[in-house]
Amino acid sequence: KTFKINPQGQSISAKGDKSGKKIAVTLAKHSSNSGYQVSYADNSGFKNSKSLWLSGNSKNKGTIKGLKSKKTYYVKARDYTIGKTKVYGKWSAVKKVSI
């Protein structure tokens, strides 16, 4: 028998930096994953979104850089594990961040 074990769902905390060009992201730690994918965009539909990849289950914090000030960004995250193929968990709730 073959079993497919999906990573856990993710929760995210995102906060704009005082410089107005960065977003600090903190994710819930999960010991069973290989890393995290953080997706961000300037629209709620995530059209033309970009990703920040955090590898290793202990690296649950990151910074999204190179953003435009006085703009609103939308951020979501998910866990992933790597075996024979990369398997993704569920996306977190979307966080709206104004910088």
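Predicted model: local features only at pLDDT ≥ 70, side-chain atom pairs only at ≥ 80, totals over all residues.
Searching the whole structure turns up two aromatic pairs. In one of them, the ring centres of Trp53 and Tyr80 are 5.5 Å apart and the ring planes meet at 70°; planes over 60 degrees apart count as edge-to-face, so this pair is edge-to-face. Notice where the two partners come from: Trp53 belongs to strand 4 and Tyr80 to strand 6, and 27 residues separate them, so the pair links distant parts of the chain.

Now follow Tyr80 to its other partner. The rings of Tyr80 and Tyr88 have centres 6.4 Å apart, with planes at 55°, so this pair is tilted.

Lys86 lies over the face of Tyr80, 4.8 Å from the ring centre. Elsewhere, Lys76 places its charged end over the ring of Phe46, at 4.3 Å from the centre of that ring.

Let us step back to the whole chain. What kinds of elements does the chain contain? It has eight strands and zero helices, so reading from the N terminus gives β-β-β-β-β-β-β-β. Along its principal axes, the C-alpha trace spans about 55 × 25 × 20 Å.

What lies inside? In soluble globular proteins, nonpolar side chains tend to be buried together. In this chain, the largest nonpolar core has 16 residues, and those with the most contacts inside it are Ile23, Val25, Leu27, Val38, Ile64, Leu67 and Val75. Strand 2 (23-27), strand 3 (35-41), strand 4 (50-55) and strand 6 (72-82) each give two or more residues to this core.

Finally, some figures for the chain as a whole. Of its 99 residues, 37% count as buried. The accessible surface comes to about 6,500 Å², and 47% of that belongs to carbon and sulfur atoms. Among contacts between residues at least 6 apart in sequence, 60% join residues at least 24 apart.

How values were computed: Residues numbered from 1 in each chain as written. Heavy atoms only, no water. Helix = DSSP H or I, 4+ residues; strand = E, 2+ residues; numbered from the N terminus. Buried < 20%, exposed > 50% of the residue type's maximum accessible area, 1.4 Å probe, protein only. Contact = heavy atoms within 4.5 Å. Areas by Shrake-Rupley, 256 points an atom, 1.4 Å probe, with all protein chains shown as cover. Core = buried A, V, L, I, M, F, W, Y, C linked by side-chain atoms within 4.5 Å. Phe/Tyr/Trp six-rings, centres within 6.5 Å; stacked < 30°, edge-to-face > 60°. Lys NZ or Arg CZ within 6 Å of the ring centre and 35° of its normal.
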